[in-house]
Amino acid sequence: MYAKNIVESIKLFHDELISIRQDIHAHPELGFQETRTSDLVANALLALGYEVHRGIGKTGLVGVLQGRRNASGRCIGLRADMDALPILEQGKHAYASTNAGVMHACGHDGHTTVLLGAARYLAETRNFDGKVVLIFQPAEEGLGGSKAMLDDGLFDRFPCDAIYGLHNWPGLPAGVIGVSPGPMMAAADHFEIHIEGRGGHGAHAYQTNDPIVIAAQLITALQTIVSRNVPAPDSAVVTVAAVNAGNLQAMNVIPKDAHMVGTVRTFSPKVQEQVIQRMEEMVAGIASAFKARIEMKYHRLFPATVNTPEHAAFVAEVATELFGAENVVPNLVPSMGSEDFSFMLQQRPGAYFRLGQGGAEEGCVLHNAAFDFNDAVIPVGSAMFCRLVERSMPLADAS
């Protein structure tokens with residue numbers, strides 16, 4: 001019964017958490033610009049008695065709290081991201097973005113609030129033996145805020161034994177917890193390809209070396225990498241996301257150059273290396289076949305987000321204790337999206353899990369201009385964080 005009371009205790013200040021979430025939503029800030037959000041979080045943590053450390057990863061901050069005892073010497077880290085996206089909000093809420101062209105379209109306002117809810121409960125109860133480290137991370141959206149915090153000595157200064165993070169998930173019913181004992185999200189790589197041919201008159205194509213035709217051949221070839229090279233049980237995505245060549249007003253001109261950009265998603269380093277090798281071979285082969293110059297720049301952005309199996313199982317166990325097995329998906333299908341929490345999981349064992357918020361059927365999906373975090377699930381996420389701490393660092397006399 002004690003575990004169930006965590007949710008009920010957090011619900012007592014649920015309205016206050018909703019106000020915080022909606023305030024953050026109304027004042028979104030892009031990566032490494034989260035000064036107002038950082039101030040709000042820091043002031044809240046200081047009022048709760050946390051030791052607060054700022055400027056870790058530029059606008060990131062950490063709150064540290066000791067339990068009723070610290071005999072175990074253990075330390076558990078909990079992470080939330082704070083940044084918004086460069087999207088013009090279409091929502092009509094009273095708390096809609098006041099920063100034109102910037103909005104919380106991924107629910108990081110909710111994640112920050114969930115962790116603040118956990119911060120309050122943990123400060124009021126301190127029902128654990130050890131220390132908890134609350135990590136409020138900037139710049140998750142493609143800027144590597146997690147790595148910036150690590151580069152600033154995050155785990156050297158706060159040596160966590162395990163680390164946990166969550167993300168809202170519209171594809172799961174509200175209040176359902178999903179986790180996977182292994183890959184949760186894919187590695188995200190980007191590539192740029194420049195094709196240099198020879199331009200000329202569209203009516204005399206034989207006098208040219210058409211980069212558009214070469215680009216078409218290369219795009220088609222790239223699409224065979226996954227279907228004809230990656231084993232079926234594995235997963236990968238190769239996407240050419242944009243092509244730029246020629247001038248739409250010049251219908252009889254073959255351009256000299258063509259440019260392509262795209263993304264590669266993989267779960268395992270082996271498959272990642274296989275995809276890169278095949279891309280390089282195809283670029284070289286098509287360049288030779290068409291007597292053109294093709295240059296590819298390949299950028300490894302984020303590694304795959306891979307849970308430690310025992311910590312993923314622990315998340316599922318805690319979620320079952322709190323909400324019942326019917327509200328837990330212990331083998332959630334991994335997503336081809338990416339997440340820079342992966343850098344933290346490379347340095348510490350832990351798990352990244354989903355907090356179901358529903359709404360996907362109505363079009364409330366991530367990175368959408370009409371997205372809004374479901375405030376009803378705040379206590380669910382906060383309770384998960386709290387119970388993970390209590391179960392990881394139990395007091396001898398605690399039930």
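This is a predicted model: local features need pLDDT of at least 70, side-chain atom pairs count only at pLDDT 80 or more; totals for chains, interfaces and linings use all residues.
Local features need pLDDT of at least 70 and side-chain atom pairs count only at pLDDT 80 or more, while totals for chains, interfaces and linings use all residues. Residues are numbered from 1 along each chain as its sequence is written, and side-chain values use heavy atoms, without hydrogens and water.

Eight strands form an open sheet of mixed pairing, in the order 1-2-4-3-5-16-6-15. Strands (E, at least two residues) and helices (H or I, at least four) are DSSP runs numbered from the N terminus; two strands pair if DSSP finds at least two bridges between them. Strand 1 (51-54) and strand 15 (328-329) each have a single partner strand, so one side of each lacks a neighbour in the sheet. Strand 15 runs parallel to strand 6 (residues 177-178), joined to it by 2 bridges; Val328 in strand 15 is the bridge partner of Ile177.

Contact means heavy atoms within 4.5 Å. Angles run from 0 to 180 degrees between N-to-C directions, with axes fitted to C-alpha atoms, for helices over the stretch in contact.

| Helix | Strands touched | Angle |
|---|---|---|
| Helix 4 (residues 108-125) | strands 2, 3, 4, 5 and 16 | about 150° with strand 3 |
| Helix 10 (residues 309-323) | strands 5, 6, 15 and 16 | about 40° with strand 16 |

**Pocket.** A pocket is an open set of points on a 1 Å grid over the protein atoms alone, where a 1.4 Å probe fits, with protein on both sides within 12 Å along at least five of seven lines; lining residues have an atom within 4 Å of a point. The largest pocket is lined by 18 residues, with Glu140, Glu141, Gly337, Ser338 and His367 nearest its centre. Strand 5, strand 13 (293-302) and strand 16 each give two or more residues to this lining.
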